[in-house]
Amino acid sequence: MKTTEHRREIVRRSREKNKHKYTEKKKTSDKEYYRKNHAAVRATQAKHKAANRDKLNKQSQAINKARLKSDPVFHLKCLMRTRIGNHLRGNVKKDGVTFKLIGCSPEQLKEHLGSNKGQIDHIFPLARYDVTTEQHKMTRWENLQMLTPDENNEKNDKLPTKAMAAKVPQHLWPSGITYDMLPDIYPGWATALNKH
């Protein structure tokens, strides 16, 4: 009995010491098992999900809620998916995955937008684009900026000022919009809006 316990302790210490080897070995073994038993594994997973749907949904929601608070890049990903998805819903199918349409990674977009304070604004509002032909233009990162909630509510779906529009390459402007159509300033807008 003591010999068996002693051997177990040696194996445990060896595994602890060579954790990376065992992890790689297990990963390889799991992949091989999955390759050989793909259909059975998927069927078991589906059965488990169906039997535990509510519990798994609650777990997933709790994880995502915590992550939204602690991970600004994850928060940004969710925000952009939701914003674009909500705008297109009922009109037309999205032309591709969100960040392929945006044209940069979530990390690059976070850097472009800078501060996490405020709200993300589409410089040229989504409503000004033809969703069937201009998704590649309306969703681009160059068309995004941060505004305070008050500024964003005030701007709403108005065309941007000339100063704001200058940040967006002209080939990404909505069809039919020209420089002459843009205002120099909107009465009552904060100075910050005019500087952009």
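Trainee: Which residues lie nearest the centre of the largest pocket?
Mentor: Of the 16 residues that line the largest pocket, Arg-83, Ile-120, Asp-121, His-122 and Asn-152 lie nearest its centre. A pocket here is an open set of points on a 1 Å grid over the protein atoms alone, where a 1.4 Å probe fits, with protein on both sides within 12 Å along at least five of seven lines, and lining residues have an atom within 4 Å of a point. This is a predicted model, in which local features need pLDDT of at least 70 and side-chain atom pairs count only at pLDDT 80 or more, while totals for chains, interfaces and linings use all residues. Residues are numbered from 1 along each chain as its sequence is written, and side-chain values use heavy atoms, leaving out hydrogens and water.

Trainee: And which elements give two or more residues to that lining?
Mentor: Helix 5 (72–88), strand 1 (119–122) and helix 9 (149–155) each do so, where helices (H or I, at least four residues) and strands (E, at least two) are DSSP runs numbered from the N terminus.

Trainee: Switching to Trp-173, is that residue buried or exposed?
Mentor: Trp-173 is buried, because its relative accessible area is 6%, and buried means under 20% with a 1.4 Å probe, protein chains only. Trp-173 sits in the loop between helix 10 (162–165) and helix 11 (191–195).

Trainee: How far is Trp-173 from Met-138 in space?
Mentor: Their C-alpha atoms are 7.8 Å apart, although Trp-173 and Met-138 are separated by 35 residues in sequence.

Trainee: Where is confidence lowest?
Mentor: Helix 11 is lowest, with a mean pLDDT (the predictor's confidence in each residue, from 0 to 100) of 46, whereas helix 7 (residues 106–113) is highest at 93.

Technical notes. Buried < 20%, exposed > 50% of the residue type's maximum accessible area, 1.4 Å probe, protein only.
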